[in-house]
Amino acid sequence: MAPLIYRILESSTFIFLSFILLCLILLTPADAIYQCYVTRRFTNVYFIAGGYIVTFLLALLIYASRIYTNRSVLAGIPKAWIPVEKEDVGKSVRRLVMDGLARSAIIAYQARPRNTREDEDRFLDYKMLLVDRDRPPWGRVEHRGWSSPASLDLPDLPYRDVVKELPHLIEAKAVSLAPSDPLLMPSSSHASEDAHSVPDTRVVEVLKRPTSMGLREYLQHLTTLDLVNPPDLGPEFLAIYEKARFSSQELYQDEFREMMRLFTEILRGMVSLSPQLLDEIRHGSSYADSESRIGPSDEEGETDTVDLHHDDEDSEALARGRSHRVRLSDASSTWDSSRSLYTAASASDSVSVGRMPSRETLNRSLRASPRTPSMRSLRPEVSNLSGSSAGSAVFRKGASLFSSSVSSLASTPKERPGEDGFRSVAEVDALFPKVDPAVDGEECLHDCASCTIRYPAKFDVEMSDELYGKVNGWSTHMLVATGKSDWVRDVADEKGSLMEAIEKGGLEPSNGRLKLTASNMPVPDEYHHHEIGKQPTNVLLLPSFTLVEQVTPDLAPDLIKYFVSPSATTTTPLAASSEEQKQEGPEKTPLDLASLTPLRARPCPHAAVILLCSQRTRDARCGQSAPLLKREFERHLRPLGLYRDMDDERPGGVAVYFISHVGGHKYSANVMIYRRRDMEWYKRGDGEKKQEDEEGAAQGIWLARVRPEDCENIIKFTVLQGKLVKPGSQLRAGFDREKGLTSW
């Protein structure tokens with residue numbers, strides 16, 4: 001009470017004295033103005049009033065500037081607290097701060113372990129601590145890829161497990177639409193209530209999804225069969241499904257529910273096949289001429305002749321001349337072992353993976369494909385062995401043997417002798433081994449199904465030209481580090497660069513033609529502390545896998561003389577073992593480079609390098625394709641533990657670099673691969689490891705027309721094993737130092 005009375009008295013006294021002071025200040029000018037008015041001297045009135053007004057304005061300006069100066073100085077003083085009090089911030093900011101503090105207090109209190117039943121009555125007066133269950137202050141809490149345990153319809157559900165089952169459920173729904181087999185339908189006289197109908201395996205073969213077919217291609221296939229209604233559901237569902245299946249980020253609950261809604265609509269829209277389409281599938285092959293269909297046991301001389309016309313005369317003829325027997329096997333095992341008609345159609349009509357065959361192609365495959373074990377297991381098997389059928393089988397065996405021998409003779413490489421004992425191979429399939437499905441698996445024939453990266457819509461390249469054997473050979477490939485992924489049109493025009501010093505200085509190595517390219521390899525730190533023309537950089541020499549460091553343009557002659565000329569070239573034979581190297585002759589005495597040049601070199605730690613042409617100033621397609629391919633290569637190298645970034649010096653692994661123009665931009669994307677003989681040479685003993693460091697790359701492979709979907713097989717087979725997947729359409733040039741072969 002006392003402080004309040006004191007505050008009232010203090011305020012009242014201050015106001016009263018301020019009023020008295022104001023009156024005394026105004027009394028003098030008021031009296032002077034009045035006297036001038038009485039004596040009729042109006043000019044003095046203006047002078048007196050003007051003087052007082054100017055004085056008042058100056059006083060007000062000085063006072064305002066003082067306040068501004070004081071506040072600025074005080075605001076610049078560092079504070080040990082956050083200025084959120086009423087005196088520190090404005091009203092709107094203060095309101096936001098208070099709302100945030102209140103929200104934090106609610107969350108902190110509600111998160112504290114306590115007995116909520118006892119709190120119901122104790123904190124009713126504290127409105128800010130009460131939480132609206134429908135609209136809590138912390139908003140909606142959700143975990144990606146997992147439903148809430150408190151969810152009413154989907155409690156504690158991992159979305160990824162559901163996503164993995166969706167293709168199988170769609171296939172099961174499609175296969176369930178197959179009608180009963182008319183040949184195995186029980187007759188009306190013997191039909192019973194518990195008789196089970198057997199599905200028509202010809203329709204099942206069309207509706208099932210082959211192992212190598214992705215969901216996108218399968219939905220396109222079902223769309224051609226009018227089973228996805230409306231057709232727009234397929235792309236909408238695939239957009240969310242592929243994000244959930246292949247993206248590194250899980251789905252939110254709303255996205256998952258939208259995907260399941262589209263999935264339900266797809267299943268609901270699946271209806272039975274049209275009678276016209278069923279007739280095309282069942283009667284696509286006419287057996288009026290009793291055409292023979294060779295079964296899987298044809299090599300043993302067994303031939304199945306099946307007639308599907310079931311009129312009375314044909315039935316009697318079958319009863320007289322042939323014996324019928326039905327082998328009912330387990331449907332699941334039979335269908336799993338069968339060959340898909342879609343696969344047969346793709347093989348017979350050269351349809352690439354990912355492109356659906358037309359209905360006419362499907363009908364041709366139905367008419368021409370041999371009967372599979374799954375179709376034999378559920379249909380009447382007719383046996384009609386004869387000597388002619390056995391003889392025909394023997395004839396076919398002989399023909400196959402003869403054709404294989406002819407093909408082996410035709411595939412003998414045409415070789416031309418070259419320098420250093422190397423042979424120039426004219427056949428595209430003879431330089432490097434090609435993948436074999438029998439050894440490498442069926443996946444070697446198919447592009448990557450999980451690839452989500454695509455080239456731009458107008459990315460067109462030349463596909464009709466023959467690539468192999470059109471490239472001039474080279475001895476050494478030099479990669480100059482620039483830290484950039486694009487350059488001037490001719491890298492030799494880079495002012496003050498090492499490329500300019502070599503190209504325009506007329507420096508040529510003594511061991512053959514030099515291929516000079518710029519790369520995005522990182523430059524040393526000293527590069528940024530020197531002026532143009534004196535900047536040191538690093539150089540990678542291939543195929544020797546030698547890294548020369550701190551090379552300036554002035555040291556370009558030393559680089560060529562002491563490192564490039566003595567290094568291994570593309571036509572340097574690769575000894576099979578250290579014993580062979582000893583037999584070749586005495587070891588050469590190494591030069592004392594420390595006394596000849598300040599340059600130093602060391603072995604490159606990588607097991608292989610992938611070079612991508614990225615020079616946009618030459619062709620925009622290279623600038624577009626290189627970053628996309630690098631992302632895809634990186635995606636497949638990381639799970640194998642082989643990816644090495646710019647600063648990763650661990651031994652082994654694969655580095656991916658951007659390089660300048662190499663020629664043939666109309667065949668983009670151009671990919672050059674240098675690989676060692678042993679990808680894990682660094683795990684050997686010191687002697688063998690040093691030998692492998694010195695021998696460098698065993699193979700150099702130049703590919704063109706590479707697309708993102710090719711990257712998986714290029715890593716799996718080309719980089720790791722030295723095999724080619726598509727030599728006829730992609731191989732431009734290369735060398736194999738171990739076999740002594742080149743393409744030039």
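1. The protein has 24 helices and 18 strands. Both are DSSP runs numbered from the N terminus: helices are H or I with at least four residues, strands E with at least two. This is a predicted model, in which local features need pLDDT of at least 70 and side-chain atom pairs count only at pLDDT 80 or more, while totals for chains, interfaces and linings use all residues. Residues are numbered from 1 along each chain as its sequence is written, and side-chain values use heavy atoms, with hydrogens and water left out.

2. Buried residues make up 40% of the 744 residues; buried means under 20% relative accessible area (1.4 Å probe, protein chains only). Take contacts (heavy atoms within 4.5 Å) between residues at least 6 apart in sequence: 73% of them join residues at least 24 apart.

3. The largest nonpolar core holds 41 residues. Such a core is a set of buried Ala, Val, Leu, Ile, Met, Phe, Trp, Tyr and Cys residues joined through side-chain atoms within 4.5 Å. Ile610, Leu612, Leu629, Phe633 and Val719 touch the most other members. At least two residues each come from β12 (608-613), α21 (620-637), β14 (654-659), β15 (671-676), β16 and α23 (711-721). Helix α21 gives the most, with five. Another core, of 37 residues, lies apart from this one and includes Leu166, Val203, Val204 and Met259.

4. Look at leucine 629. Leaving aside residues up to four places away in sequence, Leu629 touches Tyr455, Leu612, Ala669, Val671, Val706, Arg707, Pro708 and Cys711.

5. Helices α21 and α23 meet. Leu629, Glu632, Phe633, His636 and Leu637 of α21 contact Cys711, Glu712, Ile714 and Ile715 of α23. Their axes come within 9 Å and cross at roughly 50°. Axes here are lines fitted to C-alpha atoms over the stretch in contact, with angles from 0 to 180 degrees between N-to-C directions. The two helices are therefore oblique to each other; angles under 35 degrees count as roughly parallel, over 145 as roughly antiparallel, 65 to 115 as roughly perpendicular and the rest as oblique.

6. Strand β17 (residues 731-736) is mostly covered, with six of its six residues buried. Strand β16 (residues 697-703) runs antiparallel to β17, joined by five bridges. Pairing requires at least two DSSP bridges. Leucine 703 stands opposite leucine 731.

7. Strand β18 (residues 741-742) also runs antiparallel to β17, through two bridges. Aspartate 736 has leucine 741 as its bridge partner. β17 and β18 form a hairpin with four residues between them. Glycine 740, in the turn, has a positive phi of about 75°.

Definitions and conventions
Buried < 20%, exposed > 50% of the residue type's maximum accessible area, 1.4 Å probe, protein only.
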